[in-house]
Amino acid sequence: MISEGWCVVLELIVISTLNGVLFGMLLFLMASGLTVIFSMLGVLNFAHASFYMLGAFFGFQISRWVGFWPALFIAPLLAGALGAAVERFGLRRVHRNGHVAELLFTFGLAFAIEEIVQIIWGKSPVDFRIPASLDFPAFRIFSTNYPAYKMFMLLVSIAIFVGLLVVLKKSRVGLIVQAALTHPHMVGHLGHNVGRIFMLVFGVGTALAAVAGVIAGPALVTQSNMAALLGPILFVVVVVGGLGSLPGAFVASLLIGLVQTFAVSMNGSLAGAFGPLGPDYAQTWLSDIWGVTVAQVAPIMPYVLLVLILIFRPMGLLGTRET
Amino acid sequence: MTELASSVAPPNPALSERLKFYGIWIAVALLLLVLPKIFGSGGALTTFSLIGISIIFSLSYNILLGQTGLLSFGHAVYYGLGGFLVIHAINIIGANKLPIPLPVVPLVGGLTGLFFAALLGWVSTQRSGTAFAMISLGVAELIASSALILRTFFGGEAGISANRTKLFRLFDWSFGPQIQIYYLVAAWTLLAIIAMYALTRTPLGRMCNAVRDNPERVQFVGYDPHVIRYLAFCFAGFFAGVAGALAAINFEIANSAYLGAVQSGTVLFSTYIGGVGYFIGPIVGAIFVTALSLSLSDLTSVWQLYFGLFFIAVVTFAPGGITGLLMMHRPLLRGGTLGKVLPSYLIALIPTLALVAGLILAIESIVHHTVNPGDDPNIKAFGMSFNASSPITWIIALFLIVGGFVVARETWRRLARAWDDALTVAHERGYHA
Amino acid sequence: MTAPAIEIKDVQKSFGNISIIRDLNLSVAQGERHALIGPNGAGKSTTFNLISGYIKPTSGTVTLRGEEISGLPPYQINRRGLSRSFQVTNVFANMSVWENLRCAVLWTDGHHYSFWKNIDNLKQVRDRTAQVLSDIGLTARRDVPAGLLTYAEQRALEIGITIAGGADVILLDEPTAGMSHAETERAVSLIRRLTEGRTLVIVEHDMSVVFGLADRISVLVYGHIIATGTPEQIRSDPKVKEAYLGEEAA
């Protein structure tokens, strides 16, 4: 017989693993596009998380008009088209001003998109609901009902992941992308259609981020600060994985997804482990550190991981490139 | 050898040049001294103080971006920590009645910035380029989030405050009135500008430029680019700390916004808009952006959007910033061909202004319908009055945008041609810069 | 007998499974002018990269005047008196010719990372920079940004940066590549003058340059040295004729 306590621990582990993998897969949906864009165009798209946010808000608006399922397809297409336009009419122009200007262009874009979203949808969260057809518990582990919508999210991200793998391995564009990942300097020699490939890659990359936005919107909070909250974590993922490494981004996405989810579910603190501090220290900064729970530290875990990786593996987990 | 140097090396500046050089500094000092006599209102003094702080902060940022080629998204960390430590320092000094006057307290902020830059800089500057940019962002998030956890030290959302007037007094200055704070900020600003300018004239300063241009080659003339980046990072941290300290003294409070992404973004905007290619660029940018953000917020409720769009326009069309744009005209001015392009400028200005007006009209109308749909549709923005619901407004906006864009594109092409001609003539006359 | 300026012993370099350099052995005496020749892709630039610390050998050792330098970062090797140029011009593009040369002088002159000295007041640095500037014949172009120089001028600056620090072992990677006949002649006399009394290792495709300049020549084929000797010995070596000169004749 398993005792009651073990049941609780087991339940926590199973649920956190599921949630962690789910969060990781969502991160990878975005990190994969970001990595491919970086490898081919040489620019880290600072506004990538903004397209994730646009996906969520487009999804919200369109699902109000025509329902969730059409929105799931239309919103990413719209965001992707917007992304392609940004590449064609913005980035391509800025390219001649150098990489710093390109990165700053996307930085300014992220800033402007947040403002525009605030103007249109306001600063408070919008009411983006889980579609009724998926609003039921999928299964029950011990005492927790696991929502069907989360399983749906997981399935969608895994389906896209598999789809991406197939495209990368089998299609002509996929081969070009693969070549760009391993030999970034050769991208310039692709021929006269290089501009169209760049536009396509940027469009698809931002559309993937938007897919993540549409499916995450109802489960998380759809709000104008969601890009600013997620963006830095996304960049941690690509640096920890190794800039320009797709397998690295995958490993780092799952790692950060799991680390953060597990940390959130834990309530331990130094005070809990070693007992409260003496009254002499009750009002000092030491008591802050002593009393803080693992769950409260969860938001900084990705950044702690980043610093550790930088100390021990400056190139990232699977990275090989200098810049 | 020395004879060779005197004939081959750049000549030492003539006495008149040197007098001019020192004259500029003295003129700046005098200007700072008499400025409050001309604009004496409390609002003006506050604005000047904010500009001074922003100048130090932006110049410190340009040690990274313009001098060393390091794009940081987290420079506010050193500004903010400097500010927090100074508030604590003021409280400690005040409580223990230590004989330390307020004017030297910004040094605490500088040393704090230096300390944390020295601590966090070594891992951050291992890489340059995009990786450095992302690392600076991650480190900034780490510090900003930690600040919210360590509530006793950072005071949580509300922040911590201090009373700057309770310190040891020199010459009976209490530093209560804004005018005294203005002079404090002005003195530190002048000192910081001189120090940062001097830094660019040292072997380290020159090697920073070399690392910016070509970190690979630097290794083959005996230098470790990582060490150069690290030292530049430490200097930038020090001066950012001084700026943060002055901000904390000015507001008598430090809160989590000091450390945050918005503050880091603002210094990046100021520096880049001013121009990273010249020493004076960030000074111009700090003045311009501070003044712009203060005045734009009076004109429209969505000034941050305009600000973002303006920044995108600078990155796209004028990567040298305001200073770069002005300096482009130097050869034309000296070659006497500036007059040839002025008419083209004036012609291009009209459709460009029409395009901008159309955009403003459209943005303000949309804002009216999304942000306050119930209000009176007759609104006013940038001094223009119009009815946001009227189809006429929409038609005019559309016409201005489309028409302005088409015509502006043509006039800018003409301007570019006129410009090339004028520059060629200037080059022929021997003026390259 | 003094230690050789450069000695490469059993060096291997492989990227993944592909070995670029196999059993490389080379000894260059102090004061010698040594040319490294071989067909494209033989590993000449890789050899320079291995010596100068740009890449690390998979196995084997490189010594500089008897001291092991393999595995050291480039800047430490440079500080020990070895300087190299690049096949693709590698200068500080936004800085003036004067500033380019001055940067190359600073470390050897002992100024390191100093941030308390006014660079314009450093007399020795000034003299040394002026000397190099006039040596490479770019006096008239002193204040022009390096990125705006003509190709031949950039190549001259490249050599200037390489020798400015006063290193006594100089590696030049195809210094005359892409130059006209007249420019090549000027460059060769420049190199001859500037490397007087120093050790020179040069990678070069132009055979007239090689045979005119070098005391000894090594022939590198597929990452392996197949012959080393005086120009006469190399000319008459059947292995060289077969592997290299023969190939070019065919």
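Reader: Which residues have the most contacts inside the largest nonpolar core, and how many residues does this core have?

Author: A nonpolar core is a set of buried nonpolar residues joined to one another. In this predicted model, the largest such core has 276 residues, and those with the most contacts inside it are A:Met30, A:Tyr52, A:Ala210, A:Leu234, A:Val237 and B:Phe239. Helix 11 of chain B, residues 225-251, gives the most to this core, with 18 residues.

Reader: What does A:Met30 touch, leaving out residues up to four places away in sequence?

Author: A:Met30 touches A:His48, A:Ala49, A:Tyr52, A:Leu208, A:Ala209, A:Ala212 and A:Leu234. Two of these names, A:Tyr52 and A:Leu234, are also on the list of residues with the most contacts inside the core.

Reader: Which residues does the second, separate core include?

Author: The second core has six residues, among them B:Ala348, B:Leu355, B:Leu361 and B:Ala408.

Reader: How should I read the contact between chain A and chain B, and how many residues does each chain give?

Author: The size of an interface is often given as the accessible area lost when the parts come together. Here the count is of residues: 42 from chain A and 40 from chain B. On the side of chain A, the elements that give two or more residues include helix 3 (68-94), helix 8 (226-241) and helix 13 (301-312). Helix 4 of chain A gives the most to that side, with 13 residues. By class, the side of chain A that touches chain B has 31 nonpolar, eight polar and three charged residues.

Reader: Which residues of helix 14 of chain B are buried?

Author: An α-helix has 3.6 residues a turn, so residues three or four places apart point the same way. In helix 14 of chain B, the buried residues are B:Leu305, B:Tyr306, B:Phe307, B:Gly308, B:Phe311, B:Ile312, B:Val314 and B:Val315. They pack against helix 3 and helix 4 of chain A, and against helix 12, helix 13, helix 15 and helix 17 of chain B. Helix 14 itself covers residues 303-317 and reaches 21 Å from its first C-alpha to its last, close to the 21 Å expected.

Reader: What does the secondary structure of chain C come to, and why is chain C called as compact as a globular protein of its length?

Author: Chain C has nine helices and 10 strands. Its radius of gyration is 18 Å, close to the 18 Å that the globule rule gives for 250 residues, so chain C is as compact as a globular protein of that length. Buried residues make up 45% of chain C. Among its contacts between residues at least 6 apart in sequence, 65% join residues at least 24 apart.

How values were computed. Residues are numbered from 1 along each chain as its sequence is written. Chains are lettered from A and ligands numbered from 1 in the order in which they are written. This is a predicted model: local features need pLDDT of at least 70, side-chain atom pairs count only at pLDDT 80 or more; totals for chains, interfaces and linings use all residues. Helices (H or I, at least four residues) and strands (E, at least two) are DSSP runs, numbered from the N terminus. The radius of gyration is taken over C-alpha atoms; the globule rule is 2.2 Å times the number of residues to the power 0.38. A residue is buried if 20 or more other C-beta atoms lie within 10 Å of its own, exposed if 12 or fewer, and partly exposed in between; C-beta atoms are placed from the backbone. Two residues are in contact if their C-beta atoms, placed from the backbone, lie within 7 Å. Ala, Val, Leu, Ile, Met, Phe, Trp, Tyr, Cys and Pro count as nonpolar, Asp, Glu, Lys and Arg as charged, and the others, Gly among them, as polar. A nonpolar core is a set of buried Ala, Val, Leu, Ile, Met, Phe, Trp, Tyr and Cys residues joined through C-beta atoms within 7 Å. The expected span of a helix is 1.5 Å times one less than its number of residues.
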